[in-house]
Amino acid sequence: MAYPYADPRETRLLSKHFGESEAIGIDGWIQRGGYKALQQALGSMSPDEVTAVVKESGLRGRGGAGFPAGLKWSFMPKDDRPRYLVCNADESEPGTFKDREIMRWTPHQLLEGCIIASYAIRAEHCYIYIRGEFVDIVRILNGAVAEAYQRGYLGRNILGSGFDLQLTVHLGAGAYIAGEETGLLNSLEGRRAEPRIKPPFPAQRGAFDMPTTVNNVETLASVPHIVLNGADWYRQWGTEKSPGTKLFSCCGHLQRPGNYEVPLDFNLSDLVYSLCGGPPEGRQLLAVIPGGSSVPIMKADEIDCDVSYEGLEAAGSMLGSGGLIAMDDSTCMVRAVRKMVEFYAHESCGQCTNCREGTVWLAKILRRIERGEGREEDIPLLLDISANMAGRTICPLSDSAAVPVVSSIRKFEHEYLAHIRDKTCTAVR
Amino acid sequence: MSDALHPAVAGAQPSQRAEKNPEAPLFEGDYRERFDKILSRYPNRQAALLPVLNMAQEIRGWLSPQTITRVAELLELTPAYVRSVASFYTMFSTRPLGKHVIQVCTGIGCDLCGAEGVVDKLLEATGTRIGEVSKDGKYTVVEVECLGACGFPTVVQVNDRVFENVKPEDVEGLLGELD
């Protein structure tokens, strides 16, 4: 089975046409039912009706925060200021590579979602903020945008409905923090991608100080399916609080890494062992991070739970972006945590002291433990710094940096102690 | 280029050229057209800063103080402001780079699967240290944070090309493909 896998145990709504190169262009996409939802929305639904069906579907933001998408749209004020939809395609949460695949294989799926969402919130301009490193993906997306303009799905009087929409692809330039929605807005405005203090929320004052909705790629790509088939149809998958399907990007020590789409009541252990094939031959699973590096680490024996927002929370972690990182017994946990913390230290925008200083100190202490120069007091010190980083800053990057530190100490303290006391590593080479 | 380029995507062109000229005029001909198209997509000039810096770097290879001053003039911003923005983003370089900028992802996904070995091999093969320009001006090897392709480690990006599943033994072949 070649990548991208089409495993029969998946439920493929968004990923149904991954791997079909004919689905990338507009003709192939229309042949596969593309732009039908747009016709339906513009032809027979009011913007509020579109918002209502998305609200009823229970679709939650797939970028990491899990905020209900329809509810977010309903916060847009109904005045006559210009308003914007901004698609967050700045996918950069370590372990996550799903939006990339949506845009690579089905760029029109995303565009259709963008156009419908813009109609629902009455936006006049949609910006797709895509990370600059996605060079090959950007080319595909650009081609799709040009096609959509050519066919009249973008521009003036779309499908004769009287709805006008401009769409612009905006290239990021390398900054994880631009994935935070207000950091993204600053970046779009030609500033450093420093997150803003909320409130005001983007719906009140977003891009260019105007009402703005920011949605993730996967969220927007889900919208056409919901509009076309209805809220009840979407709710046949997942749980009451976590309806629908979700893409999981699976990486690390797995036999079949890649993207898998499953209903949100799917079992995490099945995802790791059945779909991804578990760890490489002869290896034991050590730990799993289910939702990108910003969510708590789970021990191998804690993953018998469902992958819903509430299921993972009950199991002590979070769904986050759905970036699953698997680690087998060859992993040095101290090193893995150090790598993740160094990432946050590099990506901290520097506005808030606790984050700017805290991330660097965490990394420094972890490096010394890894080298065998740690002290017993370093463990409480790491926890103390982490406690001072969580919940005290403008955005959650600081919290995210503390998460792997705290969760790994709670679950793998013996690995830290092996480095500190015995100057050894518990990783099986 | 300019005929086919829709204004909606004028500001989202990945750097297309390996050949750079630090002395080249900024934004003439096709590039001027692209510049104007970019400006037409935003309610103010400042918002064009990232796409315009990207284009300037494509033409000149890096963002020198002179380049930054020129971009500032064109967008009615101060050079200090433009520099503060340019230095925030990792894809903008305020120093010269090799013809091939080899970015190796050392994020957690790639690190777990042996990215360090790929970096070592690249440094050995190019005779450089991290961030240096090789003596022949051809290569700069840098470690970068997660490139968002964690299922295909190690991910290496060279200018506007992406290589996936790179192992240390693939390094020589990869370098051979660049010339």
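Student: Two residues are in contact, then, if their C-beta atoms, placed from the backbone, lie within 7 Å. Which residues in α3(B) meet which in α4(B)?

Tutor: This is a predicted model, and everything that follows refers to it. On the α3(B) side the residues are B:I68, B:T69, B:V71 and B:A72, and they meet B:P79, B:V82, B:R83 and B:A86 in α4(B). By class, this contact of α3(B) with α4(B) comprises six nonpolar residues, one polar and one charged.

Student: At what angle do the axes of those two helices cross?

Tutor: Helix α3 (residues 65-75) of chain B and helix α4 (residues 79-86) of chain B have axes that cross at roughly 115° and come within 8 Å. Angles from 65 to 115 degrees count as roughly perpendicular, and α3(B) and α4(B) are therefore roughly perpendicular to each other.

Student: Is the crossing right-handed or left-handed?

Tutor: It is right-handed, as α3(B) passes α4(B).

Student: Let us step back to the whole of chain B. How many helices and strands are there in it?

Tutor: Chain B has seven helices and four strands. In sequence order their pattern is α-α-α-α-β-α-α-β-β-β-α.

Student: Into which domains is chain B divided?

Tutor: Domain 1 of chain B covers 7-86 and domain 2 covers 100-178. Their C-alpha centres lie 27 Å apart.

Student: And chain A, how many helices and strands there?

Tutor: Chain A has 16 helices and nine strands. Its radius of gyration is 22 Å, close to the 22 Å from the globule rule for 429 residues, so chain A is as compact as a globular protein of that length. Along the principal axes, the C-alpha atoms of chain A fill a box of roughly 75 × 45 × 35 Å.

Student: What does the domain assignment of chain A give?

Tutor: The assignment gives domain 1 (21-234), domain 2 (245-328) and domain 3 (333-421). The centres of domain 1 and domain 3 of chain A, taken over C-alpha atoms, are separated by 35 Å. The contact between these two takes 10 residues from domain 1 and eight residues from domain 3. On the domain 1 side, six of the residues are nonpolar, one is polar and three are charged.

Student: Now the chain contact. How many residues does it take from chain A and from chain B?

Tutor: Chain A gives 54 residues and chain B gives 37 residues. On the chain A side, the elements with two or more residues are α7 (135-150), β3 (166-171), α8 (181-188), β5 (245-252), β9 (323-328) and α13 (333-347). Of these, α7(A) gives the most, with eight residues. The side of chain A that touches chain B has 26 nonpolar, 17 polar and 11 charged residues.

Student: Back to helix pairs. How do α15(A) and α16(A) run, roughly parallel or antiparallel?

Tutor: The axes of α15 (residues 378-389) and α16 (residues 397-421) of chain A come within 9 Å and cross at roughly 170°. The two helices are therefore roughly antiparallel to each other. Among the residues that meet are A:L382 and A:L383 in α15(A), and A:V405, A:V406 and A:I409 in α16(A). The contact of α15(A) with α16(A) has 11 nonpolar, two polar and three charged residues.

Student: And α2(A) with α6(A), roughly parallel or antiparallel?

Tutor: Helix α2 (residues 36-44) and helix α6 (residues 107-121) of chain A have axes that cross at roughly 10° and come within 9 Å. They are therefore roughly parallel to each other. A:A37, A:L38, A:A41 and A:L42 in α2(A) meet A:E112, A:I115, A:I116 and A:Y119 in α6(A). This contact has seven nonpolar, no polar and one charged residues.

Student: One last topic, the backbone. Is the peptide bond from A:K198 to A:P199 cis or trans?

Tutor: That bond is cis, with omega near -5°. The peptide bond from A:P199 to A:P200 is cis as well, with omega near 5°. A:P199 is in the loop between α8 and β4 (212-216) of chain A, and A:P200 lies in the loop between α8 and β4 too.

Student: What is phi of A:R122 near?

Tutor: Phi of A:R122 is near 60°, a positive value in a residue other than glycine. A:R122 sits in the loop between α6 and β2 (125-130) of chain A. Most residues other than glycine have a negative phi, and most peptide bonds are trans.

How values were computed
Residues numbered from 1 in each chain as written. Chains lettered and ligands numbered in written order. Predicted model: local features only at pLDDT ≥ 70, side-chain atom pairs only at ≥ 80, totals over all residues. Nonpolar A, V, L, I, M, F, W, Y, C, P; charged D, E, K, R; others polar. Axes fitted to C-alpha atoms, helices over the stretch in contact; angles between N-to-C directions. Parallel < 35°, antiparallel > 145°, perpendicular 65-115°, else oblique. Left-handed = near helix turned anticlockwise from the far one by under 90°. Domains from an automatic or database assignment. Rg over C-alpha atoms; globule rule 2.2 N^0.38 Å.
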